[in-house]
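The reader may wish to keep the structure in view throughout.

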Amino acid sequence: MMTKVAAPIFVLSGPSGSGKSTLLKKLFAEYPDTFGFSISHTTRQPRQGEENGKDYHFVSKDVMTKEVEEGKFIESATFSGNMGDPGTSIKAVQDVVEKGQVCILDIDMQGVQSVKKTELKPRYIFIQPPSLETLEQRLRGRKTENEDAILKRLAASKQEFEYAKQPNAYDRIIVNDDLNKAYAELKNAIFDESN
């Protein structure tokens, strides 16, 4: 049984619709006491079923701007006019570590680039859909965003794909074309010290 993790902090990144949330739910269900999720801040409105303090900390732009300026965030990005989609506060990471858990950060490419400028030494994992066409089908299938938002997400996804191709951008790239296979690869990336 895999019990020793390869690092105290993991950064999961990938386009919206890549399956990060589904993979993380499986990981947390299988290892409920091992991992803690850094709950990100966002200025966007909650989607149906999302809860404040569980899925995200939903805050106003004024609050977010003030806290970013005060240096309370490891990273924050702006997407579709929403600051901090997501934004990772130092406190959110500390909360997880203080519980004795391994911290998982779910952040975008801009966030990855920001974290690389900090003293944190996480392992970086990129979750990639099989293709941009598959990603577009997944985003449209959600029926949660308008056409403009979908096009912006697809444009951002192309940039994320290009960044992931750069040497040393990520420690591991997992193509999520089969959920069980991708989940097995994610567990190997987290629990295997040789990766």
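Phe37 stands opposite Ile104 of strand S7. The pairing belongs to a set of three bridges that join S2 to S7, two strands that run parallel. S7 is also joined to S1, again in parallel, by four bridges; there, Val11 has Leu105 of S7 as its bridge partner. The model that shows these pairings is a predicted one.

How many of the residues of S7 are buried? Five of the five are, so the strand is largely enclosed by the rest of the structure. In a regular strand, side chains alternate between the two faces of the sheet. In S7 both faces are covered: Val102, Ile104 and Asp106 are buried on one side, and Cys103 and Leu105 are buried on the other.

Beyond S1, the pairing continues to S8 through four bridges, also in the parallel sense, with Ile125 of S8 as the bridge partner of Leu12. Taken together, five strands form an open sheet in the order S2-S7-S1-S8-S9, with parallel pairing. The edge positions belong to S2 and S9; each has a single partner strand, so one side of each is left without a neighbour in the sheet. From one strand to the next, the twist averages 25°.

Helices pack on this sheet. H1 touches S1, S2, S7 and S8, and its direction makes about 165° with that of S7. Helix H3, residues 90-98, lies across S1, S2 and S7 and runs at about 150° to S7.

Helix H7 covers residues 179-191. At 1.5 Å a residue, its 13 residues should span 18 Å, and the end C-alpha atoms are 18 Å apart, which agrees with that expectation. At the start of H7, a side-chain oxygen of Asp178 comes within 3.3 Å of the backbone nitrogen of Asn180.

Which residues of H7 are buried? They are Ala182, Tyr183, Leu186, Lys187, Ala189, Ile190 and Phe191. An α-helix has 3.6 residues a turn, so residues three or four places apart point the same way. The buried residues of H7 pack against helix H1 (20-30) and against strands S1 (9-13), S2 (35-37), S7 (102-106), S8 (123-128) and S9 (172-175).

The loop between S9 and H7 contains Asn176. Is this residue buried or exposed? Asn176 has a relative accessibility of 5%, and buried means under 20%, so Asn176 counts as buried. Apart from neighbours within four places in sequence, Asn176 is in contact with Ser18, Gly19, Leu23, Ile127, Gln128, Pro129, Pro130, Arg138 and Ala182. One of these contacts, Ala182, is itself among the buried residues of H7.

The chain as a whole may now be considered. The protein chain has seven helices and nine strands. Of its 195 residues, 47% are buried. Among contacts with a separation of 6 or more, 67% are between residues 24 or more positions apart. The chain exposes about 10300 Å², of which carbon and sulfur atoms supply 48%.

Note on methods. Residues numbered from 1 in each chain as written. Predicted model: local features only at pLDDT ≥ 70, side-chain atom pairs only at ≥ 80, totals over all residues. Heavy atoms only, no water. Buried < 20%, exposed > 50% of the residue type's maximum accessible area, 1.4 Å probe, protein only. Contact = heavy atoms within 4.5 Å. Areas by Shrake-Rupley, 256 points an atom, 1.4 Å probe, with all protein chains shown as cover. Expected span 1.5 Å × (residues − 1). Polar contact = N/O pair within 3.5 Å; in protein donor to acceptor, adjacent residues only side chain to side chain. Pairing = 2+ DSSP bridges. Axes fitted to C-alpha atoms, helices over the stretch in contact; angles between N-to-C directions.
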